[in-house]
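Please open the structure in the viewer and keep the selection tool at hand.

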Amino acid sequence: MDVIIENLPIYWDGFLRTLYLSVVSGVIALVLGTLIAAARVSPVAALRGFSTVYVEILRNTPLTIAFFFAAVVLPRLGVTFEQFEVAAIIALSTYTSAFIAEAVRSGVNSVPVGQAEAARSIGMKFGQVLGLIILPQALRTVIPPMINILIALVKNSSVAGAFYVLELFGHGRQLANANGDQVMAVLLGVAFFYLLLTVPLGILASTVERKVAIAR
Amino acid sequence: MTSVLYDAPGPKARRFSLIASVVGAILIAGLLALIVTTLAQQGIFEGRRWAIFTRGDVWTLIGNGIMATLSAAALSAVIAFPLGLMLCLLRISLVPWIRIPTRVLLEFLRGMPVVLMMLFVLLVLATSPFIAVVIGLVLYNSAVFAEIIRAGIQSLPKGQREAGLAIGLTSFKSRMLIELPQAVRRMMPSLVAQLVVLLKDTSLGYIVAYAELLRAVQVMADFLGNQYLFPIFFVAAGIYIAINIAVSRLAVWIERRGSNKTAGGVAPAIKTIDLQMPQAK
């Protein structure tokens with residue numbers, strides 16, 4: 001236990017960086033994912049094709065491959081980052097955006113047909129139908145799966161620790177190497193800080209599920 | 001393709017859509033051309049860089065990487081599935097002191113980054129990387145399997161369990177003989193989709209020094225020289241993605257094929273990792 005208390009500032013630093021990676025990547029992924037989902041249901045064939053390929057490829061790419069590409073391959077191709085956080089955020093946000101897009105799309109599909117028909121019959125165009133009628137309802141139904149994706153994002157940010165970003169997992173790995181005799185305590189400490197993020201989010205997801213979800 | 005979101009396109013809309021498609025295609029082609037010229041300036045397309053793929057030993061290393069990836073995934077899946085079934089039974093047990101600790105355990109396992117579990121096993125139990133990868137994957141995926149099957153059982157029509165109890169089966173026998181087999185069939189698309197996640201997560205083995213495909217890429221690039229990193233990475237990533245897309249397609253195929261052996265039919269794959277199921281009709 002002592003090793004955790006002694007290194008509490010390091011844990012805290014890692015915790016904040018994990019939080020930072022998750023929040024920044026989460027916001028980018030939410031925006032990007034919603035745009036991709038909108039493209040996926042749009043009348044323009046090229047947009048549909050592009051977004052389908054985007055989602056299919058990213059959903060089937062292991063996160064470690066995405067990280068390897070952003071943090072190892074890109075710099076050797078001449079795209080260098082001042083901080084490795086940027087590479088981590090690129091990998092995390094593009095990877096997560098594919099899942100967000102799928103969730104939003106399933107939300108769009110869950111909105112009753114009559115909503116879109118009513119909107120079209122009063123003369124709304126595609127952008128209005130989607131932006132004013134469908135998406136507000138769709139986003140509401142997909143809040144719980146969205147939160148689950150964000151939980152996965154928090155856990156996924158641990159991969160950044162292996163690609164030169166000293167977040168919770170990265171610090172944990174260094175501490176484990178430095179304190180070879182107390183590895184178990186060190187890693188349980190890391191686990192505790194992850195649970196500090198994921199468990200409340202999980203409870204939030206199930207609460208929101210009961211309260212916000214529209215009964216259909 | 002028609003959609004409820006927009007009217008069937010008239011001539012004007014079709015022309016607009018065509019123009020937008022052409023402009024979009026040109027933009028994407030331009031972007032690709034930019035990437036390709038940048039890469040070409042770095043000499044990526046020089047024949048000698050790709051000539052390494054004519055060497056047998058490169059393919060041997062890639063093959064070993066694939067085998068390491070697949071064997072870790074297969075072994076984990078084979079262990080995780082029965083374990084998941086067991087955890088599911090414990091999770092829905094009627095006895096609170098079994099049910100509640102199992103629930104806490106499952107929440108714990110699902111709230112943990114898989115790579116952290118792998119590192120824990122590797123360092124604390126001092127195992128080989130292979131064992132660490134397999135145990136990490138088993139712990140996480142058995143918890144997810146348990147939750148998927150539980151969602152399946154809960155989404156079965158109530159009458160299934162009631163009928164089982166009515167003909168005198170015990171609660172446990174009703175679970176084993178009536179509910180579980182139907183739940184597994186019903187949730188097959190989600191279970192196969194989870195296999196894709198498992199397969200993807202084997203690449204986390206890279207971090208705990210397990211010699212899987214990505215690690216093989218790194219080793220070859222270190223050994224042969226950095227100029228080969230991009231070609232090898234490109235091929236390896238392509239292999240990974242191709243395998244995953246194939247398994248994803250399998251899940252979609254199972255979903256489309258349906259089944260008449262389960263009340264309520266086959267449930268569509270749970271999108272993402274959301275475990276909330278619509279009630280069967």
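Helices, at least four residues each, are DSSP runs of H or I, numbered from the N terminus. The model is predicted.

Begin with chain A, coloured by confidence. Its average pLDDT is 89, and 98% of the residues score at least 70. Select helix α2 (residues 8-40) of chain A, where confidence in the chain is highest, at a mean of 94. Then select helix α1 (residues 2-6) of chain A, where confidence is lowest, at 84.

Proceed to chain B and select Ala126(B). This residue belongs to the loop that joins α5 (114-124) and α6 (129-154) of chain B. Is Ala126(B) buried or exposed? Ala126(B) is exposed, because 10 C-beta neighbours lie inside 10 Å, and the cut-off for exposed is 12 or fewer. Its backbone also deserves a look: the phi of Ala126(B) is positive, about 50°, although the residue is not a glycine. Most residues other than glycine have a negative phi.

Next, select Ala209(B), in the loop between α9 (188-201) and α10 (213-224) of chain B. Ala209(B) counts as partly exposed, since 13 other C-beta atoms lie within 10 Å.

Finally, select Arg249(B) in helix α11 (residues 229-257) of chain B. With 13 C-beta neighbours inside 10 Å, Arg249(B) is partly exposed.

Notes:
Residues are numbered from 1 along each chain as its sequence is written. Chains are lettered from A and ligands numbered from 1 in the order in which they are written. This is a predicted model: local features need pLDDT of at least 70, side-chain atom pairs count only at pLDDT 80 or more; totals for chains, interfaces and linings use all residues. Helices (H or I, at least four residues) and strands (E, at least two) are DSSP runs, numbered from the N terminus. A residue is buried if 20 or more other C-beta atoms lie within 10 Å of its own, exposed if 12 or fewer, and partly exposed in between; C-beta atoms are placed from the backbone. pLDDT is the predictor's confidence in each residue, from 0 to 100.
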